[in-house]
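Here's a quick briefing to read alongside the model. Have the sequence and the 3D view open as you go.

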Amino acid sequence: MAPPRHKKHAAPRSSTARASRPLQNARLRAGSLTGAVGEALTGAGRLRLTRRVAVPALAAGLVTGTVVGTALAWPHHPTGPTGSVAAISAPAASTAPDESAAETLPGSRVQVVSRSAPRVRLTEKPEPSRTATPTPPPTPEPEPVHRSDIEDRLFMTAPLNVWSGPGEDYTLLDVLPVGTKIPVTGRVRDGWAEVSYDGLARWVNADYLSEKDPTAVPEPAESSAASGSGGAITDAPCPSGSDVESGLTPDAILVHRSVCASFPEVSTYGGVRADSGEHGSGQALDIMIDSSSQGDAIAEWVRAHASDLGVSQVIWAQHIWTVQRSSEGWRAMEDRGSTTANHYDHVHVTVYGSTAG
């Protein structure tokens, strides 16, 4: 009797083999998908990849816990895709394509630019250098001016700047009009006079201060000669001398002799001098005075006898009177910078030439 045949039993499959079969199946499915993609791209020619292509169908991601992106590049080949495949792992939470992928040609491996690459360090543009502005002298603290500090009160012969210190490098505080009367302390520093302005010590240019108001109209002054009815007009030689008459016109000589007779206290006159004005032509006479009251009297007397003397204009104390505009009386003149130029120390008389008589 034949021995009994024992039934062969298949060897039990190990747990490792059983576990690896799903992974093998996934790989087969991924390979099939890769081949299908390759076949679809073959007819399209060369493919320029600018981004990494993520293959969501790869089941290996389920095992490793990461998403595997596969960058593919196939040259045109009739039989299917060739070349290389670059597998790049990324965090599971990210599914967006990486913008840093480098552009490559088909058949080459995709180069990935790391986000940790060193950045270019930018530096701020330096500011242009600035020219230093000169620092003005510090403004001194104003000192109060007391009544006992006031020495006099003077008039301004021109619009005058008031400064915080003795010079134009200090702060300009105000501009006072011509004729302003302002208290002065008598202190002068380098041509600048200290004045009391709003009760404080301030400074003005001392050259434009005067004891006489330049805006005041001279008032007529009574004199023995002016009270006569023309008896003061005389052609008699002046007892003090006639040297000044050299080169003068007849009208100017008549003015000299008549003023000399009416105001014998006057001893100094100015006549012809080298200039292009009335003095150069002998049509002007300067009558030097000793006081403001004397100047007022002479100026008014000459103006009152202008037609008898052949006078065309009179200038005195920075004011002018002319025959043509006699109805306007005395008119203020602009500041000429000095006492003599502004006619504070003499009366200037201009004549027509030889019209008197």
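**A partly exposed aspartate, and what surrounds it**

Let's start with Asp275, which at 33% relative accessible area is partly exposed (buried means under 20% relative accessible area, exposed over 50%, partly exposed in between, with a 1.4 Å probe and protein chains only). This is a predicted model, where local features need pLDDT of at least 70, side-chain atom pairs count only at pLDDT 80 or more, and totals for chains, interfaces and linings use all residues. Residues are numbered from 1 along each chain as its sequence is written, and side-chain values use heavy atoms, with hydrogens and water left out.

**Salt bridges**

- Asp275 pairs with Arg273 in a salt bridge, with 3.2 Å between the closest N and O atoms (the rule: a side-chain nitrogen of Lys or Arg within 4 Å of a carboxyl oxygen of Asp or Glu).
- Arg273 is partly exposed too, at 45% relative accessibility.
- Eight salt bridges turn up by this rule.
- Another one joins Glu245 and Arg257, at 3.0 Å from N to O. This pair ties together distant parts of the chain: Glu245 sits in the loop between β9 (209-210) and α3 (250-262), Arg257 sits in helix α3, and the two are twelve residues apart. (Helices are DSSP runs of H or I with at least four residues, strands are runs of E with at least two, and both are numbered from the N terminus.)
- Glu245 and Arg257 are both buried.
- Arg303 and Glu300 also make a salt bridge, with an N to O distance of 3.2 Å. They're three residues apart in helix α5 (residues 292-304), so about one helical turn separates them.
- Within that pair, Arg303 is partly exposed at 23% relative accessibility, while Glu300 is buried at 7%.

**A buried arginine without a salt bridge**

- Arg202 belongs to strand β8 (residues 200-205).
- Arg202 is buried but has no salt bridge, and the nearest side chain of opposite charge, Asp198, is 7.1 Å away. (For charge, Lys and Arg count as positive and Asp and Glu as negative; His and the chain ends are not counted.)
- Beyond its neighbours within four places in sequence, Arg202 has contacts that include Pro142, Trp163, Leu173, Glu194 and Tyr197 (a contact means heavy atoms within 4.5 Å).

**The six-stranded sheet**

- Six strands form an open sheet in the order β10-β11-β15-β12-β13-β14, with antiparallel pairing (two strands pair if DSSP finds at least two bridges between them).
- The edges are β10 (269-270) and β14 (331-332); each has a single partner strand, so one side of each lacks a neighbour in the sheet.
- β10 runs antiparallel to β11 (residues 284-288), and two bridges join them. Tyr269 faces Ile287 of β11, and Gly270 is opposite Asp286 of β11.
- On to β15 (residues 346-351), which pairs with β11 in the antiparallel sense over five bridges. Ala284 has Thr350 of β15 as its bridge partner.
- Four of the five residues of β11 are buried, so the rest of the structure largely encloses this strand.

**Positive phi in a loop**

- Ala317 lies in the loop between β12 (311-316) and β13 (319-322), and its phi is near 55°, positive in a residue other than glycine.
- Gln318 is in the loop between β12 and β13, with a positive phi of about 60° although it isn't a glycine.
- Ala317 is buried at 2% relative accessible area, and Gln318 is buried at 3%.

- The protein chain has six helices and 15 strands, and buried residues make up 36% of its 357 residues.
- Of the contacts with a separation of 6 or more, 60% are between residues 24 or more positions apart.
- Mean pLDDT is 73, and 56% of the residues reach 70 or more (pLDDT is the predictor's confidence in each residue, from 0 to 100).
- Residues 44-105 stay under 50 in pLDDT, and the model has 85 contacts for them beyond four places in sequence.
- Residues 220-231 also stay under 50, with ten such contacts beyond four places in sequence.
- Where pLDDT is low, the predicted coordinates should not be read in detail.
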